[in-house]
Amino acid sequence: MGLTSIDWIIMLLYFASVLGIGAVLKRYVKSSTDFFLAGRSLPAWICGLAFLSANLGAQEVIGMAASGAKYGIATSHFYWIGAIPAMIFVGLFMMPFYYGSRARSVPEYLRLRFDEKTRGLNAISFAIMTVFSSGISMYAMARLIQVLHVLDPIFDRLHIARSGIFHVSVIASAVIVLVYILLGGLTSAIYNEVLQFFLIVAGFIPLVWLGLKNVGGWHGLSEKLPAAFTHSWMGMSSAQTNPLGVDWFGLVAGLGFVLSFGYWCTDFLVVQRAMAADSMTAARRTPLIAAFPKMFFPFLVILPGLIAIALPSTAAHLATTKTGSAATTAQYSEGLIPPKIDPNTGRPLLDRQGKLIMDYDLAIPNMLLHYFPTGILGLGLTALLASFMSGMAGNVTAFNTVWTYDIYQSYIRPHESDEHYLWMGRVATVFGIALSVLAAYAATRFNNIMDMLQLVFAFVNAPLFATFLLGMFWKRATGHGAFFGLLTGTVAAAFHHGLTLPIGEPVGIKGGWLGPILHVYPSDMAQNFYTAIWAWTTCFVITIVISLLTQPHEESKLVGLVYSLTEKPSEKHLRWYARPAALAVVIIVVLLLLNIFFG
Amino acid sequence: MGIDIRLPIGLVFSLVGILLTAFGVASNNAIYQRSLGINVNLYWGLVLLAFGVLMVALGRRGMRPRGKIE
């Protein structure tokens, strides 16, 4: 891909500073709280940027651009509807209980509020999920390095077979993440997430700027693309008339409420960043500070996808996953997006309707290659590598905390010294990463198993927010209610998925595996959203019913855990712009303006 | 805790900025055909350098010991 020494120097500089930050932070890690919660000592802006970055893994960056190329600006709903309201909610209403209860993790909050079995269910499913997510990050990074031929010249010069590139990429990323977490714990991970945030911004601003300049600005872009691609709300009244294939109720209730609140308000990966804050106000401001850059990220990560399809097709500097002939690639490309090529025939792959299957995931890599000369290309690549690494590190730090506090300390070895748990945290980091490497290799062999696992995770996650909502705002909710609500919610998700199918899909991983197909959805996104809605509603109703049938918790034990029994945090001493509620109002106004301009 | 994060970030960006600027000055203009004839290394290098220096300055100020604010 034409990298020269300057690109390598920039990449190596990044890796050196990542390890350097870990080395400097090492001497500040003295207790398990330092290691797992950064000593609860970080200012709000650092936690806020880390809160944002932990979610901004490279799959997210690449996937959002891919989705932009496929669906257009409507993809920004994943940010505007699918993140911002939930981020405001967790900051204003939920953080007082997470931070105020002094729980050290989200599962621990469930232990305090409900009971042991609810915590166990959440802790174990979360631990498994983080290991797999980090493994998938590793896998995706190694694949991208292969596709872009980053390491090919070096391997050729050293006379090593190119098949080793995948192994070297996986092992190298594992070792680097391992070293910097072992050294600095969560602080290391958070510092690197903040660095990654700035790198992504620094790498993508010039990309978007050059791309926009080339297509004639936003105006030129809207002229080159179908109208629905540059108007996020166009055709949303019905699933048939918009690119996503989802109606507005499915979008708002499924994505905007169930899935988004389920992720941003209950996922320990992000909540852990806010728990590391140095005060209650800082913890509450964390997601609100993150919401500001989040609102504008569609312009950095989705626009490149739109620009990529608006450009004229050219064979020059295109990367394709499989070696198809350059001519075939150019002939079937949409702008910079090549078709997927069948490795056996060298012909483009077609779907069941005979349409080309485009390799949208190459939108970002191809944009970088198209616009960036050597030098800044190194910066763009570093930004991508950085987001892979922090994606892994985020999962590993969440894993070692939940493992040590919620599984090891609770069920295996309680009552040990703090040093012992600090030691266990380091050991957990090692085997967490070892398991991620295994997961990365599993992904190469058994693609279907990975898809299935992700489906199961989706079932487990979908009902979660109902449990937290009732837990925090209804003092009558009980442990039995929460536990069985979660279980039935997960089962409801599985049933809904097994009884419905997106249009034109075969029975199997996409749904319909329970036999009768009761409903056909216009797209798999619509099916996902409604699966979530069913799961959430079931969990909500069952939790209420079982809670009413079981013994209520003593109110004295719920102080600090439930809204009606907890003193409201005072904001009187803060200046207006430092008050979480004022920040939230500003965010909502900006969000409305964005939706009006790009609606 | 420990070090002010703006210091390492400022250092990384200053170094990358210096590298890109220097490379931008020294490089042959032919490679900028891709970037619409604009020497992105030079200009973006300068922007990153300015950002890096600003972060270092803020970080040094942040590291200075000050009275306890609780």
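H14(A) and H18(A) are roughly perpendicular to each other (a class covering 65 to 115 degrees, with under 35 roughly parallel, over 145 roughly antiparallel and the rest oblique). The model is predicted; local features need pLDDT of at least 70, side-chain atom pairs count only at pLDDT 80 or more, and totals for chains, interfaces and linings use all residues. Residues are numbered from 1 along each chain as its sequence is written, with chains lettered from A and ligands numbered from 1 in the order written.

**Helix pair**
- Helix H14 (residues 268-275) and helix H18 (residues 376-412) of chain A pack at about 80 degrees, their axes 9 Å apart; helices are DSSP runs (H or I, at least four residues) numbered from the N terminus.
- Axes are lines fitted to C-alpha atoms over the stretch in contact, and angles run from 0 to 180 degrees between N-to-C directions.
- H14(A) contributes A:Phe268, A:Leu269 and A:Gln272 to the contact, defined by C-beta atoms, placed from the backbone, within 7 Å.
- Residues from H18(A) include A:Gly394, A:Asn395 and A:Val402.

**Domains of chain A**
- An automatic or database assignment gives domain 1 (5-20 + 35-321 + 359-445) and domain 2 (453-568).
- Their C-alpha centres lie 25 Å apart, and the contact takes 31 residues from domain 1 and 26 residues from domain 2.
- H13(A) gives the most to the side of domain 1 that touches domain 2, with eleven residues.

**Confidence**
- The model scores ipTM 0.92 and pTM 0.91.
- Chain B averages a pLDDT (the predictor's confidence in each residue, from 0 to 100) of 87, and 90% of its residues score at least 70.

Methods: Helix = DSSP H or I, 4+ residues; strand = E, 2+ residues; numbered from the N terminus. Contact = placed C-beta atoms within 7 Å.
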